[in-house]
Amino acid sequence: MGTGQTTKKPGARSKLKKYKRKTWLCRRATDTDQIQDEIEKAETTGKPITFAYDDELPGGGQFYCVETAKHFIDAKGLSDHKKTRYYKKRCKELKEEKYTQESAELAGEMTKEVLPPAHGKS
């Protein structure tokens, strides 16, 4: 693409805003709200979260961690993952109450005031 000085230096793209945003978005973890929705859906239907065999997923999609929404190559990788600090922290976050629009409005002091009717009921 380019032959200038910035392309020849190692780590030259580290200061570009578009590059940083792109790499951050592709490695971003699934939000806790989305995971909580998946867990609630699995509980209401009574079926665990499973995947059909898929060659493109690591381990064929058979070793999946629900709490972190990640696929692993084998059972050992999944069991090692469940001992990590990241997994334990995510489990603690999932036990907290789900963030809703009502809690956001309360935090922003945008409560809805319930007024009595202007004219009495006839």
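Student: Of the 122 residues of the chain, what percentage count as buried?

Tutor: Happy to start there, with a reminder that this is a predicted model, in which local features need pLDDT of at least 70, side-chain atom pairs count only at pLDDT 80 or more, and totals for chains, interfaces and linings use all residues. Residues are numbered from 1 along each chain as its sequence is written, and side-chain values use heavy atoms, with hydrogens and water left out. Buried means under 20% relative accessible area, exposed over 50% and partly exposed in between, with a 1.4 Å probe and protein chains only. By that cut-off, the buried share of the 122 residues is 14%.

Student: What is the radius of gyration of the chain, and how does it relate to the globule rule?

Tutor: The chain has six helices and two strands, where helices (H or I, at least four residues) and strands (E, at least two) are DSSP runs numbered from the N terminus. The radius of gyration is taken over C-alpha atoms, and the globule rule is 2.2 Å times the number of residues to the power 0.38. For 122 residues that rule gives 14 Å, and the chain lies well over this, so it is more spread out than a compact globule, with a radius of gyration of 23 Å.

Student: At what angle do helix 3 and helix 5 pack?

Tutor: Good one to look at in the viewer: T32, I35, Q36 and I39 in helix 3 meet R90, E93 and L94 in helix 5. Axes are lines fitted to C-alpha atoms, for helices over the stretch in contact, and angles run from 0 to 180 degrees between N-to-C directions. The two axes are 10 Å apart, and the angle is about 70 degrees.

Student: Which word describes the orientation of helix 3 to helix 5?

Tutor: Angles under 35 degrees count as roughly parallel, over 145 as roughly antiparallel, 65 to 115 as roughly perpendicular and the rest as oblique. The angle here is about 70 degrees. That makes helix 3, relative to helix 5, roughly perpendicular.

Student: What is the relative accessible area of Q36?

Tutor: Q36 is found in helix 3. Not counting residues up to four places away in sequence, Q36 touches E93, L94, E96 and K98. Q36 is buried, and its relative accessible area is 9%.

Terms used. Contact = heavy atoms within 4.5 Å.
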